[in-house]
Amino acid sequence: MQVGLSHDAPLGVRAGALVVPVFSDTPLEGTAKEVDAALGGVIADALASGEIRGRLGEHVLVYAKGQPYRRVLAVSLGEHAKFEPYFLARYAGTAVRYLGRRNLDDIAIVLPEQARGHEALAAAMVAEGAITGSFDTTIYQAKPDVRVATATVSVIAPGLDQTEAERGIARGTILGEAVNFARRLAVTPANDMTPSHLAEEAAAVAKQSGLEIEVFDEARARQERMGSFLSVAQGSVQPPKFIILRYNGDPSSKELLALVGKGITFDSGGISIKPAERMEEMKYDMSGGAGVIAAMSAIGKLKPKINVVGLVPATENMPGGKATKPGDIVAAMNGKTIEVINTDAEGRLILADALCYANKLGATRIVDAATLTGACVIALGHASSAAVTNDDAFAAQFLAAAKPTGERYWQMPYYEDYTTQMKSDIADLKNTGGRPAGTLTAAAFLKEFVANTPWIHLDIAGTAYLDTEFAWQAKGPTGTPVRAFVALTEALSDCHPERSRKAAEPKEHPNGARGSELRV
Ligand code: BES
Ligand code: MN
Ligand code: ZN
């Protein structure tokens, strides 16, 4: 899909459809009002008829006979006072999904008046949403059920700063494509998306986005003493890969942000095998890793002034003849020994070595993302990811950066009690801590491998994929945490780390409830 800026006046634009924003609780304004007048009040009529009540993403189509735009799609942005810039991504996504599935390949989307003074941000959101709205999960169907056909999206910014809008479109396009890339990696089934294939995709990203790449095979990982990672891989016939992508955007700085993603290309549970029901979802268990690779692809193109390394330990978790058995003891890179009580708690085992390796590379900040625990889905459902940290100021900075993207993260506590739950009678640690606080004991386990580096763990088990669709988003993989990762790198590159850390000192509530700067 191609998203570009059109300098046409909204009423003169040639397109299959013109998309205009409306609010649920205020009269038509700006372009929507003008178009309504040109069409003799049909939009106002449609809204007055109660066809849509005005929730974000609700929409109504009217035909515009004799106009260069042949249809108008009014899409609601919800209540006027509750407007958030990321709603514009959902606005555009709704339009692309609705019109694209009706074979309209050429649509024009109008920016609302709220974009004034924030043209780059608004246009970025529209471009991102248009592109993510075009994603569907029918890639394996010979004749796809629902195909989003829209090929060209023109953004119209009437009376607004065109240069800024153009800049925003470029950024939003990069981000939207990265999100879709992560989704494609995630939705691709495990027979195709093996660790080797994931490493090849990462190599292609490195080439396109100008990143350095290194991929450790099993022998190389053994040299690094990644015994915890390799213990998960040993039950599978697929060779493990440890993927390292590097972006050096600030060579003069010693600061290094590590993004670490769980890359389990299929989680059968291993010898502690999972029940059959919904096991197919475990192809998504590499969503964190996909998010890292995709975020790195966007970072390479956006070129923020920061050094970032992306680490993805990739392996299947299978119950082969050589598989780890419950009770086996393995050692991670930092020498800590782990009693494997449950082979289905494998994510933390592969992340342990990846976190150690981040430290070995000299990371000064670490964020990991993982579909780590079913307990996280119990705690927060599909509405939010969980965030756990050893550094509240860093977490506040992350939450503030992530909030405007529309991805949700909710900070949960770390207490030493959780670490106590992870102590083994026979090794340094065990890999499960029983049922209480499953997300937090998993985080406490990971914390044993980050040393003193400021670190945030993101549990995306409930948010990486969804079995519900939205007006703006297909079912399946969501692209979480790509947007937040990219936003964090931009926030960190903004100013000197010490200053930005101070500025991020939590003022009210830790979960990003305080005000955040909106930037592009
Ligand atoms: N990949 C799963 C977690 C998961 C569950 C992700 C559901 C998405 C949806 C993880 O490897 C796992 O199996 N975790 C276990 C840990 C337990 C054995 C301590 C879990 O959550 O049951
Ligand atoms: Mn598991
Ligand atoms: Zn898993």
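Donors here are N, O and S atoms within 2.8 Å of the metal (3.2 Å for Na, K and Ca); water is not among the atoms, so sites may look incomplete. By that rule, the donor residues of the manganese ion (ligand 2) follow the sequence spacing D-x76-D-x1-E.

This is a predicted model, in which local features need pLDDT of at least 70, side-chain atom pairs count only at pLDDT 80 or more, and totals for chains, interfaces and linings use all residues. Residues are numbered from 1 along each chain as its sequence is written, chains are lettered from A and ligands numbered from 1 in the order in which they are written, and side-chain values use heavy atoms, with hydrogens and water left out.

## Overall fold

The chain holds 16 helices and 20 strands. Both are DSSP runs numbered from the N terminus: helices are H or I with at least four residues, strands are E with at least two. The C-alpha atoms fill a box of roughly 80 × 55 × 40 Å along the principal axes. The radius of gyration is 24 Å, which agrees with the value near 24 Å for a compact globule of 520 residues. That radius is taken over C-alpha atoms, and the globule rule is 2.2 Å times the number of residues to the power 0.38. Buried residues make up 60% of the 520. Buried means under 20% relative accessible area, exposed over 50%, and partly exposed in between (1.4 Å probe, protein chains only).

| Metal | Protein donors | Distance |
|---|---|---|
| Zinc ion (ligand 3) | Lys262 (NZ), Asp267 (OD), Asp285 (OD), Glu346 (OE) | 2.0 to 2.4 Å |
| Manganese ion (ligand 2) | Asp267 (OD), Asp344 (O), Asp344 (OD), Glu346 (OE) | 2.0 to 2.2 Å |

The zinc donor residues are spaced K-x4-D-x17-D-x60-E. Six donor atoms surround the zinc ion at angles of 79 to 174°, which makes the arrangement octahedral.

Aspartate 267 bridges the two ions, which lie 3.2 Å apart. Aspartate 267 sits in strand β10 (residues 263-267) and glutamate 346 in the loop between β13 (337-339) and α10 (347-360), so the pair ties together parts 79 residues apart in sequence. Aspartate 267 counts as buried because its relative accessibility is 2%. Glutamate 346 is buried too, at 1%.

## Ligand 1

Around ligand 1 there are 16 residues, the closest being Lys274, Asp285, Asp344, Glu346 and Gly374. A residue qualifies if one of its heavy atoms lies within 4 Å.

Polar contacts are pairs of N or O atoms within 3.5 Å; within protein, one must be able to donate a hydrogen and the other to accept it, and residues adjacent in sequence count only if both atoms are side-chain atoms. A polar side-chain atom of aspartate 285 lies 2.8 Å from a nitrogen atom of ligand 1. A polar side-chain atom of glutamate 346 lies 2.8 Å from an oxygen atom of the ligand. A polar backbone atom of leucine 372 is 3.4 Å from a nitrogen atom of ligand 1. The protein covers 78% of the 520 Å² of accessible area that ligand 1 has on its own. Such areas come from the Shrake-Rupley method with a 1.4 Å probe; for residues, only the protein chains shown count as cover.

Terms used. Tetrahedral: all angles 85-135°; square planar, octahedral: opposite > 155°, others 65-115°.
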